[in-house]
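Dear colleague,

Please find below the sequence and the structure that I am handing over to you. My account of what was found follows directly after them.

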Amino acid sequence: MTSQDLRDHGEFTGSRDGRGLKIAIVAARFNEYVTSQLLESARGELTRLGVTAADRLIVHVPGSFELPLAAMKMASRSDVDAVICLGALIRGETAHFEYVADATSDGIARVARETGIPVIMGVITTYNAEQAVVRTGLGADYAVAAVEMANLYRQLEGQYRKEVR
């Protein structure tokens, strides 16, 4: 079934064609040995999906706790179709991990709700550094999710506009 066939049956799915989409990536520097690889994985996949370097905005923040505020700034831009938040939280010996993980995930979800823009939660949470390093390729999955969701939102907005008329 094609995308049009799905729409004709009341089903919608986002395509993986990134041409013409503007994608922002907000990447935490803390645990940079992990986040830099997440970022490279996401960049590579966006290129493969057709999102040009000119259509990518990369913002670096100190840590995962700072991701939601920068994501809000990016999602509030009229030219951004989706935002990917990248970070790595590795459990330590204190409760700090839980506080940062909770605040970060709640903040990222709030940005998506308040702006109506797809905001991808690309913050990995692991028990140790080895687990984090193994998951650095997930940046590509987050890029795919951003492109699919941006295209899906475009379809849904177009469908809504038709129904309201």
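The lining of the largest pocket in this predicted model comprises, by class, six nonpolar, six polar and one charged residues. The pocket has a volume of about 220 Å³, and 13 residues line it. Those that lie nearest its centre are Phe30, Leu89, Ile90, His96 and Val100. Two elements give two or more residues each to this lining, namely β3 (82-90) and α4 (96-115). Of the elements, α4 gives the most, with three residues.

The strand β3 also belongs to an open sheet of four strands, whose order is β2-β1-β3-β4 and whose pairing is parallel. The edge strands of the sheet are β2 (56-61) and β4 (119-126), each of which pairs on one side only. On average, neighbouring strands of this sheet are turned by 15° against each other, direction ignored. In general, the strands of a sheet pair through backbone hydrogen bonds, in either a parallel or an antiparallel manner.

Strand β1 (residues 23-28) is joined to β3 by five bridges, and the two run parallel. Within this pairing, Ala24 has Val83 in β3 as its bridge partner. Six bridges join β1 to β2, and these two strands likewise run parallel. Here Ile25 stands opposite Ile58 in β2.

Helix α2 (residues 32-48) lies across β1, β2, β3 and β4, and runs at about 155° to β3. Together with β1 and β2, helix α2 makes a right-handed β-α-β unit. Helix α4, which gives three residues to the pocket lining, lies across β3 and β4 and runs at about 170° to β4.

Yours sincerely,

A colleague

Methods:
Residues numbered from 1 in each chain as written. Predicted model: local features only at pLDDT ≥ 70, side-chain atom pairs only at ≥ 80, totals over all residues. Heavy atoms only, no water. 1 Å grid on protein atoms, 1.4 Å probe; cavity = no way out; pocket = protein on both sides within 12 Å on 5 of 7 lines; lining within 4 Å. Points joined across faces, edges and corners; volume = space filled by probe spheres on them. Nonpolar A, V, L, I, M, F, W, Y, C, P; charged D, E, K, R; others polar. Pairing = 2+ DSSP bridges. Axes fitted to C-alpha atoms, helices over the stretch in contact; angles between N-to-C directions. Contact = heavy atoms within 4.5 Å. Right-handed = clockwise from strand over helix to strand, strands pointing away.
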